[in-house]
Amino acid sequence: MSNLNALSIAVEAATRKRDDARKVVQAALAAQQAARAQLHQLEDYARETEARWGVRADATIQPEVMYHHYQFMDRLGHASGIQGGVVSDQAGRVHAAQSALLQAELRLSSLRKVVEKRRHDMELLQARRDQKQTDERAALQYGSASRGSQGQEY
């Protein structure tokens, strides 16, 4: 029975680890979603900025202004590239967290199966003990009855 109690404690610990792993996955997914949203914001801003420059075809723009515009667009592109790397890193973190969650769930599942098998084995053992006691009582009663009936025959 103490073995079963130890296994129950192990199941509780594995359950806590699984729940913690699930929280890590949720946090990683939230961080990944936030990184994607920021990337989309940068990309949308770059498209809007580029669209504003193409509004008037007949407009004359000084070279210095064009230079600053291109420089700004390069910086936006660079920021988008960095943010793309952040999104990729977050995807790796999500994958690692999901793998850890899967491992925790597998461990919990295997521990539960061991507990269930031990319970089943203990129940089977108890049923055998009960059957043995029943058989012994029946044998004793039969022995008493047969001795009693033998005494009556003489």
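This is a predicted model: local features need pLDDT of at least 70, side-chain atom pairs count only at pLDDT 80 or more; totals for chains, interfaces and linings use all residues.

Trainee: What does the secondary structure of the chain come to?

Mentor: Helices (H or I, at least four residues) and strands (E, at least two) are DSSP runs, numbered from the N terminus. Here the chain has two helices and zero strands. The radius of gyration is taken over C-alpha atoms, and the globule rule is 2.2 Å times the number of residues to the power 0.38. The chain has a radius of gyration of 37 Å, well over the 15 Å that the rule gives for 154 residues, so it is more spread out than a compact globule. Along its principal axes, the C-alpha trace spans about 135 × 25 × 15 Å.

Trainee: Which percentage of the 154 residues in the chain do buried residues make up?

Mentor: A residue is buried under 20% relative accessible area, exposed over 50%, and partly exposed in between (1.4 Å probe, protein chains only). Buried residues make up 19% of the 154 residues.

Trainee: How are contacts in the chain to be read?

Mentor: Contact means heavy atoms within 4.5 Å. Of the contacts in the chain with a separation of 6 or more, 88% are between residues 24 or more positions apart. Leaving aside neighbours within four places in sequence, alanine 14 is in contact with Arg107, Leu108 and Leu111. Alanine 14 and leucine 108 are 94 residues apart in sequence, yet 5.4 Å apart in space, C-alpha to C-alpha.

Trainee: With which residues is alanine 35 in contact, leaving aside its neighbours within four places in sequence?

Mentor: Those residues are Gln83, Val86, Val87 and Gln90. Alanine 35 lies in helix H1 and is buried, with a relative accessible area of 5%. By C-alpha positions, alanine 35 and alanine 138 are 76 Å apart in space and 103 residues apart in sequence.

Trainee: Please give cases from helix H2 as well.

Mentor: Histidine 69 has its place in helix H2 and is buried, with a relative accessible area of 5%. With the same exclusion of neighbours within four places, serine 80 is in contact with Leu39, Leu42 and Glu43.

Trainee: How many salt bridges does a search of the whole structure find?

Mentor: Side chains of opposite charge can pair when their charged atoms come close. The criterion for a salt bridge is a side-chain nitrogen of Lys or Arg within 4 Å of a carboxyl oxygen of Asp or Glu. The search finds four. One of them joins aspartate 44 and arginine 47, at 2.3 Å from N to O. Both residues lie in helix H1, three residues apart, about one turn of the helix. Aspartate 44 is partly exposed, with a relative accessible area of 35%.

Trainee: Where do the partners glutamate 105 and arginine 22 lie?

Mentor: Glutamate 105 forms a salt bridge with arginine 22, and their closest N and O atoms are 3.3 Å apart. Glutamate 105 lies in helix H2 (residues 63–153) and arginine 22 in helix H1 (residues 2–53), so the pair ties together parts that are 83 residues apart in sequence. Glutamate 105 is partly exposed at 32% relative accessibility, and arginine 22 is partly exposed at 33%.

Trainee: Is arginine 18 buried or exposed?

Mentor: Arginine 18 is buried, with a relative accessible area of 15%. Its salt-bridge partner is aspartate 19, with the closest N and O atoms 3.0 Å apart.

Definitions and conventions:
Residues are numbered from 1 along each chain as its sequence is written. Side-chain values use heavy atoms; hydrogens and water are left out.
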